[in-house]
Amino acid sequence: MDKFTTITGIAAPMPMINIDTDMIIPKQFLKTIKRSGLGVNLFDEMRYDDDGNELPDFVLNKPQYRAAEVLVAGDNFGCGSSREHAPWAIKDFGIRCVIAPSFADIFFNNCFKNGILPIALPQEVVDVLMKDAEKGANARMTIDLEAQTVTTSDGESFAFEVDPFKKHCLLEGLDDIGLTMEKVGAIDSYEGKTAQERPWV
């Protein structure tokens, strides 16, 4: 998993509430078990018409937001079914951070496991960040995980909370497998000892 330390990038404004996981990645794209290749289908039903043509009014289709690394969204982001493909699609598109007033719990935790930083901030702060994002490609937002701050293009900074363990995992680029591999020495030692004490196992 890629480490997350500090990013400075374009933030896309999506002031919609209750964006569920089926909106993020519709069910017909859930057949794959690969974490790559889903970015093209992110928000598929909002990005394309029935013939597969891009809808120019959708924020991520606008030239100034095609390279967005931050998404500023409305309340209850990631609600709905607990599909891990949702953070896969967000990450594959290139978005590393989602900011909203609140998140669905399962989606929130899945983000951390896939290298995405979800930041919950009060509505009044999200409103400020939304306005900053609406400035387009020239307004770059900075997310500093170590300092736990979000800074607007105008230099206004806001602190956010993050679980220390989840913060450690993002900073070090550790998913569940990576966390296990940190203990590989102890695991090998235990298995060697067990093989001697109980060779029949």
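## Ground rules

A residue is buried if its relative accessible area is under 20%, exposed if over 50%, and partly exposed in between (1.4 Å probe, protein chains only). This is a predicted model: local features need pLDDT of at least 70, side-chain atom pairs count only at pLDDT 80 or more, and totals for chains, interfaces and linings use all residues. Residues are numbered from 1 along each chain as its sequence is written, and side-chain values use heavy atoms, with hydrogens and water left out.

Helices (H or I, at least four residues) and strands (E, at least two) are DSSP runs, numbered from the N terminus.

## Aromatic rings

A pair of aromatic rings is described by the distance of the centres and the angle of the planes. Rings of Phe, Tyr and Trp (its six-membered ring) pair if their centres lie within 6.5 Å. Planes under 30 degrees apart count as stacked, over 60 as edge-to-face, and the rest as tilted. The count here is 6 aromatic pairs.

F43 and F58 make a tilted pair, with 5.9 Å from centre to centre and 55° between the planes. F43 is in the loop between helix 1 (21-24) and helix 2, while F58 is in the loop between helix 2 and strand 2. They are 15 residues apart. Both F43 and F58 are buried. The rings of F77 and F103 have centres 6.2 Å apart and planes at 75°, so this pair is edge-to-face. F77 lies in the loop between strand 2 and helix 3, and F103 in the loop between strand 3 and helix 4, so the pair ties together parts 26 residues apart in sequence. Both F77 and F103 are buried. F77 and F103 also belong to one aromatic cluster with F107, F108 and F112.

## Salt bridges

Side chains of opposite charge can pair when their charged atoms come close. A salt bridge is a side-chain nitrogen of Lys or Arg within 4 Å of a carboxyl oxygen of Asp or Glu. The structure holds 5 of them. One joins K91 and D2 at 3.8 Å, N to O. K91 lies in helix 3 (residues 85-93) and D2 in the segment before strand 1 (6-14), so the pair ties together parts 89 residues apart in sequence. D2 is partly exposed, at 47% relative accessibility.

R66 and E54 meet at 2.5 Å, N to O. Both R66, at 41% relative accessibility, and E54, at 36%, are partly exposed. D132 forms a salt bridge with K135, with the closest N and O atoms 3.3 Å apart. D132 is buried at 3%, but K135 is partly exposed at 43%. A network of salt bridges links D132, K135 and D154.

## Strands 3 and 4

Strand 3 (residues 97-100) and strand 4 (residues 117-120) pair in the parallel sense over 4 bridges. Two strands pair if DSSP finds at least two bridges between them. A100 stands opposite A120 in strand 4. With helix 4 (residues 105-113), the two strands make a right-handed β-α-β unit. Right-handed means that, with the strands pointing away from the viewer, the path from the first strand over the helix to the second runs clockwise.

## Cysteines

A disulfide is a pair of cysteine sulfur atoms within 2.5 Å. The count is 0 disulfides. C97 is buried, with a relative accessible area of 0%. C111 is buried too, at 0%.
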